[in-house]
Amino acid sequence: MWMQYSSEFLALALVHFLAVLLPGPDFAITVRNSVRYGYAIGCITAIGIGIGISVHVLYTLVGLGIIIQQSPWFMLILRISGALYLIYLGWSLLRAPSVNIDPSIEETANIPLSQSKAFITGFMTNALNPKATIFFLAIFTTLVSPTTPMKVQFAYGIWMCSINTLWFMLVAVLFSRPVVRQQFLKMGKQFERLMGLILIALALKLLFIHL
């Protein structure tokens, strides 16, 4: 049975993978956490991002996505909520204290970040992203046939969540390498401000691009 949906799956997987490669707030927050706190926290952030994707997949599969798409006020609330969360993250980075970090260790004792907070940050960054809502509605309504069995569509969703997680874990690996961390950590406060400004810029774009 699975073979008859192989072409559909390949089309969906290709479009999704290309979308994952485009930098966004999830990329920015993974890079920041990996550089500042090391591989472990970066990977937990990536897992949060991957599970955050499951929120969009689930409501799309059960049909709530169409209701959301056809409710301008709900999309507005979602867009504002996502933007405010990104502004909160960006402002937190702008106000973060400057510290000396030893790139040779995974955690930084003088600025601890719990695993639960890293996970929640990744999860919320993706779950509150209205662009993800639009994206998943688009690919499931244009690339996936209405006759495709629900268990096959769920398999598609699991695949996409897994690819998101693995991609951002790879980002965490790359940006937590000592040679890479040293270069970014030399920037100190400037790096934090840059990440904060990127998140705020993405939030403002999210707020005003559709106005």
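In which helix is Arg-181 found? Arg-181 is found in helix α9, residues 178-185. The model is predicted, so local features need pLDDT of at least 70 and side-chain atom pairs count only at pLDDT 80 or more, while totals for chains, interfaces and linings use all residues. Residues are numbered from 1 along each chain as its sequence is written, and side-chain values use heavy atoms, with hydrogens and water left out.

**Overall fold**

The protein has 10 helices and zero strands. Read from the N terminus, its elements run α-α-α-α-α-α-α-α-α-α. Helices (H or I, at least four residues) and strands (E, at least two) are DSSP runs, numbered from the N terminus. Of the 211 residues, 45% count as buried; buried means under 20% relative accessible area, exposed over 50%, and partly exposed in between, with a 1.4 Å probe and protein chains only. The accessible surface of the protein comes to about 10,800 Å², and carbon and sulfur atoms hold 72% of that surface. Accessible areas come from the Shrake-Rupley method with a 1.4 Å probe; for residues, only the protein chains shown count as cover.

Contacts (heavy atoms within 4.5 Å) can also be sorted by sequence separation. Among contacts in the protein with a separation of 6 or more, 88% join residues 24 or more positions apart.

**Annotated regions**

An unreviewed UniProt entry lists residues 38-61, 73-94, 154-174 and 194-210 under "transmembrane region". UniProt positions are given in the numbering used here, feature names are shortened, and annotations may be inferred rather than shown by experiment. In the model, residues 38-61 are 96% helix and 0% strand, with 35 Å between the end C-alpha atoms. Residues 154-174 are 100% helix and 0% strand, and their end C-alpha atoms are 30 Å apart.

**The largest pocket**

The largest pocket holds about 480 Å³ of space. Of the 21 residues that line the largest pocket, Ala-19, Leu-22, Asp-26, Asn-129 and Lys-131 are the closest to its centre. On a 1 Å grid over the protein atoms alone, a pocket is an open set of points with protein on both sides within 12 Å along at least five of seven lines, where a cavity is a set of points where a 1.4 Å probe fits but cannot get out; lining residues have an atom within 4 Å of a point. Grid points are joined across faces, edges and corners, and a volume is the space filled by probe spheres set on the points.

At least two lining residues each come from α1 (6-21), α2 (25-37), α7 (130-142), α8 (150-176) and α10 (189-208). Helix α7 gives the largest share of the lining, four residues. The lining divides into 13 nonpolar, five polar and three charged residues. Here Ala, Val, Leu, Ile, Met, Phe, Trp, Tyr, Cys and Pro count as nonpolar, Asp, Glu, Lys and Arg as charged, and the others, Gly among them, as polar.

**Selected residues**

Asn-129 sits in the loop between α6 (115-127) and α7. Asn-129 counts as buried because its relative accessible area is 15%. Leaving out residues up to four places away in sequence, Asn-129 touches Pro-25 and His-56.

Helix α2 includes Ile-29 and Arg-32. Ile-29 is buried, with a relative accessible area of 3%, and Arg-32 is buried at 8% relative accessibility. Not counting residues up to four places away in sequence, Ile-29 touches Thr-45, Ile-49, Leu-89, Thr-121, Thr-125 and Leu-199.

Met-150 lies in helix α8 and is partly exposed because its relative accessible area is 39%. Arg-181, in helix α9, is buried, with a relative accessible area of 0%.

The table gives C-alpha to C-alpha distances for residue pairs.

| Pair | Apart in sequence | C-alpha to C-alpha distance |
|---|---|---|
| Ile-29 and Gly-90 | 61 residues | 9.5 Å |
| Met-150 and Leu-61 | 89 residues | 7.7 Å |
| Arg-181 and Val-35 | 146 residues | 5.3 Å |
| Asn-129 and Arg-79 | 50 residues | 7.2 Å |
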